[in-house]
Amino acid sequence: MWNSKRNIFLILLWICGAIAEGFLPSALQRCHLNDEVCYRIQAQNYLENYKYGIPERNVPAIEPLKVGTLRAQIGSKDSPMQLNLVMTNTSVHHFGSSMVVKSLTISATPGDFSKPAQTIMVMSSPQLDVTANYHLKGKFLILPIDSKGKVSIKLNQVDVTTVIDIQPEKRPDGLHYLKITGYKMTQKIGSGSFNMTNLFTDPALSESTIKVFNDEYKTFSKELEPKIMEQCTRATRNTLQKVFDSIPFDDFFLNK
């Protein structure tokens with residue numbers, strides 16, 4: 001039940017409360033509870049001001065968002081496309097710089113630190129670019145493939161909804177901090193395309209095969225896009241928890 005979306009809190013709760021500790025610049029403000037316009041504005045300000053991370057707080061950058069290794073099986077044993085894809089050193093570009101916060105809500109009870117809280121954020125980006133090293137092995141039609149090189153993927157019109165469930169917990173300093181208990185990110189992607197280097201030694205064969213791959217992008221996207229978003233979820237959750245670990249929940253909201 002604690003499914004949530006870290007991108008949201010990473011952006012929001014940080015904003016809503018850390019000013020009391022002098023952690024955020026004056027451009028960011030704490031919000032009154034239920035002031036959803038303020039939440040959205042401060043979340044957007046976070047993306048603009050802190051997409052490259054907070055080194056002094058050990059908070060990593062989300063531009064680019066480094067998501068590590070992902071694996072996908074493209075097609076099945078009965079299909080003309082039977083491929084195993086491994087992507088390493090994977091980065092998602094424009095995640096921090098192009099996302100527009102459409103809405104952000106927080107359900108919390110200030111002053112009652114025994115109760116859980118939840119936030120829901122909706123964001124949109126016109127385009128995300130994914131880059132990685134790849135190893136592709138298998139076969140396409142009658143062509144055996146065992147290739148390594150660089151891959152770039154363009155994801156167009158990306159809509160992301162993130163739900164984050166959190167529980168305040170008291171720590172030895174006497175203050176309460178947020179612990180993420182659930183995190184879920186769902187996405188809707190309009191279209192996509194990709195390119196690969198060194199697919200075959202024959203450049204013409206590589207170009208024609210990649211064209212066919214793009215014509216059949218839905219076959220790839222069914223496996224690839226969920227893997228990419230799964231890794232984004234993991235990366236943003238880890239980042240958000242680092243933020244929460246350094247900011248007391250006691251000061252997140254302005255008093256009435």
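Visitor: Which residues does Thr209 touch, leaving out those up to four places away in sequence?
Guide: In this predicted model, Thr209 touches Phe140, Leu143, Leu199 and Phe200. Thr209 itself belongs to helix H3, which covers residues 203-215.

Visitor: Is Thr209 buried or exposed?
Guide: Thr209 is buried, because its relative accessible area is 3% and buried means under 20%.

Visitor: What about Gly138: where does that residue lie?
Guide: Gly138 is placed in strand E4, residues 117-140. With a relative accessible area of 27%, Gly138 is partly exposed.

Visitor: Which residues is Gly138 in contact with, apart from neighbours within four places?
Guide: The contacts of Gly138 are Gln82, Leu83, Leu143, Pro144 and Ile145. Gln82 is 56 residues from Gly138 along the chain, yet their C-alpha atoms are separated by 5.6 Å.

Visitor: Let us change topic. How do strands E5 and E6 pair?
Guide: Strand E5 (residues 143-170) and strand E6 (residues 176-196) pair in the antiparallel sense, over 19 bridges. Within this pairing, Ile164 stands opposite Tyr183 in E6.

Visitor: And what lies between the two strands of that hairpin?
Guide: There are 5 residues between the strands of the E5 and E6 hairpin, where Gly174 takes a positive phi near 85°.

Visitor: Which residues touch the most other members of the largest nonpolar core?
Guide: Ile153 and Phe213 do, in a core of 69 residues. Helix H4 (residues 217-245) supplies the largest share of this core, with 10 residues. As background, nonpolar side chains in soluble globular proteins tend to be buried together.

Visitor: What does Ile153 touch, then, beyond residues up to four places away?
Guide: Among the residues touched by Ile153 are Met87, Leu128, Val130, Phe194, Tyr217, Leu224 and Ile228. Asp129 and Ser193 are also touched by Ile153.

Visitor: Phe194 is in that list. How many aromatic pairs does the structure hold?
Guide: The structure holds 6 aromatic pairs. One of them joins Phe194 and Phe220 in a tilted arrangement, 4.8 Å centre to centre with 50° between the planes. This pair links distant parts of the chain, since Phe194 is in strand E6 and Phe220 in helix H4, 26 residues apart.

Visitor: Are Cys31 and Cys38 buried or exposed?
Guide: Cys31 counts as buried, at 0% relative accessibility. Cys38 is buried too, with a relative accessible area of 12%.

Visitor: Finally, what pLDDT does the protein chain average?
Guide: The protein chain averages a pLDDT of 85, and 87% of the residues score at least 70. Over residues 1-26, however, the pLDDT is below 50, although this stretch has 129 contacts in the model beyond near neighbours in sequence.

Visitor: Why should one be careful there?
Guide: Where pLDDT is low, the predicted coordinates should not be read in detail.

Definitions and conventions
Residues numbered from 1 in each chain as written. Predicted model: local features only at pLDDT ≥ 70, side-chain atom pairs only at ≥ 80, totals over all residues. Heavy atoms only, no water. Buried < 20%, exposed > 50% of the residue type's maximum accessible area, 1.4 Å probe, protein only. Core = buried A, V, L, I, M, F, W, Y, C linked by side-chain atoms within 4.5 Å. Helix = DSSP H or I, 4+ residues; strand = E, 2+ residues; numbered from the N terminus. Contact = heavy atoms within 4.5 Å. Pairing = 2+ DSSP bridges. pLDDT = per-residue confidence, 0-100. Phe/Tyr/Trp six-rings, centres within 6.5 Å; stacked < 30°, edge-to-face > 60°.
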